[in-house]
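Student: Could you walk me through the aromatic side chains in this one?

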Amino acid sequence: MAIGSGLGAQLGIAAESTYGTYVAPTKFPEFSKESLVLKKTTAQSAGIAAGRLMPLSTRRVLTQKEVSGGIDLEVPNKSFGLILQALMGTSVTPVQQAATTAYLQTHTLADNFGKSLTIQKGVPLTSGTVTRKNFLGCKVISAEFSCEVGGMLTCSLEIDGKDCEETSVLATASYPTMSPFHFGQMALKTGTYASETALDGVRKVSVKIERPSATDRFYANQSALKKEPILNDLTKITGSLEMDYVATTIDDLHTTDGATSLVWEFVGPIIATTYAETFRIKLPAIKVDDAPPTVEGFDVVRPKFSFTALYDGTNLTAIEYMSTDVTL
C-alpha cells in the first residue's frame, strides 16, 4: 500500500502511436505538482412539463470532453527526452558520442503533429489505495524553463488532452538514479551564432516556448471528443534575464534593437571522456523588448530584461540534451 497522501502519488508517461490511444507508461518523471483534470461540457434540457419544478436528471447530456492542466517538475539529467520531443516536434533518436555511454539528443523546432503522450496519474486515497486516471492524447502546448541563484532548473508544462479513462491498470513506477540540473552548472552566452561568449552578472533566466494550437477540433462522428490539435499560429518564444548591471551589453541591444544569439546551458558531471551531462537551449536570434536599467535605491542596480526569440533565417531554435539515455 502507498502512503495515503501526495507522498504516494505518481506520474507515468509514454509516447502514443495513435493520438488518444492508451500506451502503458514507461517513464515516471518526478514532479512537484500537477493539475491535470478531465473537463466536460454538459447541456440540460429546458423543456416545460406541467407541474415539474426541477430539471430531470435524465435530460442532462454530456456533449464534450477534453483534458487540461499542467505539470511542474525539475529538469533531470536523464529520462526527459519524451517531454522535449512532445514540445519541440522533431522525431529524435539519441546519437552515441564516439564509443562512450553518452548520447546526444537534438530537439529542433518542428511541427509537433503526431507527438502525443499518454499520461497516467496515480492519486492515493487516504487508505493508501492509489487510484488511476489515464489521460489520453496529451499534447505539450507550452513549457517554461527557469533557474535562479541557488535554485534548480525547473520546467512548467501546459497540457491539452483528448480524454480520460480509469480502466487501464496502474503501472508500477520505477525511478532511475538521476539528479537535477541546477544554478551551479548554469552558463549564459550571447553574441554571434556559434561564437557566443559568457555574459557576466546573470542571476536568473527564464525561457518560455509556446506552441499555439487549435485545441477546439470537436466534430460530428467523434463521440464528444476532439481530433488532434494542429498548430495554428507561429511559435512564440519569450524570456527574461535578471542580472546585476555589470556591463551595458544587453542594455545596448535594447537601445539599438539589435539581435544577438543566446545560449543557455547547464553542464553537469562528465559521462565519459569529454562528454558531460548537458541541457542547452539555443536561440539563434533574440531581441530585447524592455527595460533599460533604473535606480531604485542604494542597492546594486539589477535590471530585468525581457526578450523575444526570432528566426535568424538560417539556424533553428534547438534544445540539446546529453545523457546516458539510449532511447527516449
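Tutor: F145, F181, W264, F266 and F279 form one aromatic cluster in this predicted model, where local features need pLDDT of at least 70, side-chain atom pairs count only at pLDDT 80 or more, and totals for chains, interfaces and linings use all residues. Residues are numbered from 1 along each chain as its sequence is written, and side-chain values use heavy atoms, with hydrogens and water left out.

Student: How many aromatic pairs does the structure hold?

Tutor: There are five aromatic pairs, a pair being rings of Phe, Tyr and Trp (its six-membered ring) with centres within 6.5 Å, where planes under 30 degrees apart count as stacked, over 60 as edge-to-face and the rest as tilted. One of them is the tilted pair of F181 and F266, with 6.4 Å from centre to centre and 55° between the planes.

Student: Where in the chain do F181 and F266 sit?

Tutor: F181 lies in the loop between β10 (163-165) and β11 (186-191), while F266 belongs to strand β17 (residues 259-272), so the pair links distant parts of the chain, 85 residues apart.

Student: And is F181 buried or exposed?

Tutor: F181 is buried, at 1% relative accessible area, and F266 is buried too, at 0%; buried means under 20%, exposed over 50% and partly exposed in between, using a 1.4 Å probe and protein chains only.

Student: Switching topic, how many helices and strands does the chain have?

Tutor: It has two helices and 20 strands, taken as DSSP runs numbered from the N terminus (helices H or I, at least four residues; strands E, at least two).
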